[in-house]
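Welcome, and thank you for taking a look at this model with me. Please have the sequence and the 3D view open as you read.

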Amino acid sequence: MTKLNSELKPNKAVGDRLPLIDGIEKVSGKADYTADLDPRGALVGLILRSPYAHADITKLDISEALALPGVAAVITGDDCCAPFGILPISENEFPLVKDKVRYRGDAVAAVAAVDMRTAKKALDLIKLEVNELPAYFTAEEAMAANATLIHDDRTGNFERKISDEFGNAEKGFAQADLVREESYHCNEVTHAHMEPHAALAEYDVERDRLTLQSVTQVPYYVHLMLTQCMSMDSSKIRVIKPFVGGGFGARTETLNFEIIACLLARAAGAKVRMKLTREETFLTHRGRQETTIKLKMGLSKAGKILACHATVIQRGGAYGGYGTITSLYSGALLHAIYDIPNIKYDGFRVYSNTPACGAMRGHGTVNIRFAFESLLNSMAEDIGLDAFEVRRENLLPDKFETLNGLKALSYGLPECLDWVEKASGWNKKYKKLPKNKGIGIGCSHFVSGAGKTVHWTGEPAATIIIKLDFDGGITVFTGAADIGQGSSTIVTQLVAEVLGCDYGRIRVIANDSAITPKDNGSYSSRVTVMVGNATVDAANKLKDILLEAAAGKFQCAVADVECLGEAYQMKDRPDTALPFQNILDVALIGSGTISVKGTYFVPREYQGTGKHRGAAVGSSPGYSYGVSAAEVTVDEDTGMITVDNIWVAHDCGRAINPLSVEGQIQGGVWMGMAQALSEETRYHDGLHLNPNFIDYRFPTIVESPHIEIKIIEPGDANGPYGAKEASEGALSSIVAAIASAVKDATGVEITETPITPDRLLDAMDKQARKLHKQGKR
């Protein structure tokens, strides 16, 4: 037997600060994003967009465009018979409009031509005539009794009305020592991902096959919608996800340009490349909704939250999209963070003549959490309690089931509170900092994947296939989309942990529907728990095969074999150690290539135990928790807010890769800062006023404060090695923490985001005049 290093030990990969496995390609410029793919032989695809916010189409003439030399195809809504959408109950968007436009930028027609110049000229030759209709740019306008319907089958321009009550809110308010009601307004924001939208579609006329490469977060959903909208057999469609330059929820839904590129490719019988401009990417949107929140809360003298009633109105834009789910999330996740005995929620998702909103990091929870945490901070002050003290009064047990049927096996909020309070120096700073300086806190939480999928099929929530062949390379096939969050790295580490092998032995192949297994995609922070558990399942099956092969080689029981990762030996017999390859050679005898499949199903009790309509929304195998403290300086002359320090504690169950977790938390901090201070989409009569990275303002590294992070690891039995999500749970707390810090610095109650200098100066002026009138200043 070959002698090996007696110090050989299995690789303990969980907890390793491994750089992301695709990092070299990204930082060296070798990574091919969709717009970088080989365009040779590809036609240029362009979309004609509506200049009207709301109108019936009376004429659409494409004849001159079709006749232009160099034009290979021109398509309209007549070329697609089926609508699409993320939710089966609200599929009311066509790739190209039929008869009616619903926002400025809606897709009317599309062309494929030999070059950009010809394609643009063809768009200019298309004749569009309309009968303009009343347009509504706020939820209030759209909800008016006499408002024209944006969709004929949506009475009152409502996508969804929700009214849920758990416990008895009025009874809770009657028992409270302090009851307050406040209104909050959060303006619309968008994802601002670095990479603009792009797609490369190729249609094989002879074989009637379609291949699409696109920026999607969920190739599976794109596959479904292409099958539906193009009336093709799904077996003839192939969807590939190249490198993606950010998603944040924008690319969870199938987007119209993806289907349009494929329709053009089929019409032209060719390859079509579509690269959207930054403005078009803004117009495709799917960002966070403009939201108006009326929040009523009742507290006891001890700080116990006795009741809460939230009324949430979301301006959803022109199409259904994720609307129903977003509104349900806002209500469902009032639960599972604090122990509140009485909760009432009224939610309204309203259509408007603006680009459609959708899922965005912290889906459905960020705006309502800003309002809730802000009011809780203010009421704690009114009742003479510390902000940390009042939260400790309302903690859940370590294992809980909420009134609305959400269950969990871990709850790290108490540890998060403890660390942030101490690390930030809260007790020495709150109400004690110099003039124009302040500190504030916020808490938040999020799901580790949706307990029940949007497209329920009864299939596993995740599937992983691992192949091991003669070369000794371990190839992991996954449909999970790595969009920068590091999911492929997590898969690599979990395989290495189970098998104990070197990272260099592992290769991950992801996101090609012709090669990799179906996955439900990267959204709602589902990948670590769901794909992670499937990965562990597959790796353990492979390990069992290798252990059996080793037992046969050693002629001993499997229980007497020890896996050292790169070698196998009889237990306590280092003299028997054999290299990995030797054991593999034995395992291949009689079978050849080894292939194993791992799956994960969400346990039924974590799919929502409530009986109310929409009870599955908000359910999850686990919840992450975050607590943030922000320290700010306010310039009272200009209204400029500088965030000096951020402290964040995040309960992610267990950090499989602490380096990646820290990066995700930092990203959440910046996104929360952006919504708190500067990000806001603005429209004038439906015209987008800031669809670019100059006028749409978000923090850069220059504005980044010092960020101190603490990873809290209580472990969760539902997650792989105890892991939960690590990307979204702390985000919502940042907005409230900054708003509360600004109040500490200025005395002004913050009820609208973003807190721009003009809004803050106006609020400070109103506060000063109010105090002057009361004779207090």
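1. First, some ground rules. This is a predicted model, in which local features need pLDDT of at least 70 and side-chain atom pairs count only at pLDDT 80 or more, while totals for chains, interfaces and linings use all residues. Residues are numbered from 1 along each chain as its sequence is written, and side-chain values use heavy atoms, with hydrogens and water left out.

2. Let us begin with charges. Side chains of opposite charge can pair when their charged atoms come close. The structure holds 39 salt bridges, each being a side-chain nitrogen of Lys or Arg within 4 Å of a carboxyl oxygen of Asp or Glu. One of them joins Arg-286 and Glu-253, at 3.5 Å from N to O. The two partners are 33 residues apart and link distant parts of the chain: Arg-286 is in the loop between helix 8 (278–284) and strand 13 (290–299), and Glu-253 in the loop between strand 11 and helix 7. Helices here are DSSP runs (H or I, at least four residues), as are strands (E, at least two), and they are numbered from the N terminus. Arg-286 counts as buried because its relative accessibility is 3%, and Glu-253 is buried with a relative accessible area of 2%. For these labels, buried means under 20% relative accessible area, exposed over 50%, and partly exposed in between (1.4 Å probe, protein chains only).

3. A second pair sits within a helix. Glu-373 and Arg-369 meet in a salt bridge of 3.0 Å, N to O. Because they are 4 residues apart in helix 10 (residues 366–383), about one helical turn separates them. Both Glu-373 and Arg-369 are buried.

4. Now for a pair between strands. The side chains of Lys-437 and Asp-644 form a salt bridge at 3.8 Å, N to O. Lys-437 is in strand 18 (residues 437–447) and Asp-644 in strand 27 (residues 641–651), so this pair links distant parts of the chain, 207 residues apart. Lys-437 is partly exposed at 30% relative accessible area, and Asp-644 is partly exposed at 24%. Elsewhere, Glu-381, Lys-431, Lys-743 and Glu-749 are linked in a network of salt bridges.

5. How do helix 14 and helix 15 pack? Helix 14 (residues 487–499) and helix 15 (residues 527–554) have axes 9 Å apart, at an angle of about 35°. Axes are lines fitted to C-alpha atoms, for helices over the stretch in contact, and angles run from 0 to 180 degrees between N-to-C directions. Among the residues making the contact are Val-491, Leu-494 and Val-498 of helix 14, and Val-531, Thr-535 and Ala-539 of helix 15. Contact means heavy atoms within 4.5 Å.

6. Some backbone details deserve a look. Thr-753 and Pro-754 are joined by a cis peptide bond, with omega about 0°; Pro-754 is in the loop between strand 31 (752–753) and helix 19 (757–773). Phe-248 is not a glycine, yet has a positive phi of about 60°. This residue is in the loop between strand 11 (237–240) and helix 7 (256–268), and is partly exposed at 30% relative accessibility. Asp-685, also not a glycine, has a positive phi of about 50° and is partly exposed at 48%.

7. Which residues form a nonpolar patch on the surface? They are Trp-670, Ile-701 and Val-702, with about 330 Å² of accessible area together. Val-702 lies in the loop between strand 29 (687–688) and strand 30 (706–712) and counts as exposed, at 70% relative accessibility. Patches are made of residues with over 30% relative accessible area and no salt bridge: like charges are joined within 9 Å, nonpolar side chains (Val, Leu, Ile, Met, Phe, Trp, Tyr) within 5 Å. Accessible areas come from the Shrake-Rupley method with a 1.4 Å probe; for residues, only the protein chains shown count as cover.

8. Finally, two residues and their surroundings. Leu-406 is buried, with a relative accessible area of 0%. Not counting residues up to four places away in sequence, Leu-406 touches residues including Ala-332, Phe-400, Val-617 and Tyr-623. Thr-227, in helix 6 (residues 219–229), is partly exposed at 22%. Leaving aside neighbours within four places in sequence, Thr-227 is in contact with Met-232, Ser-234 and Ile-237.
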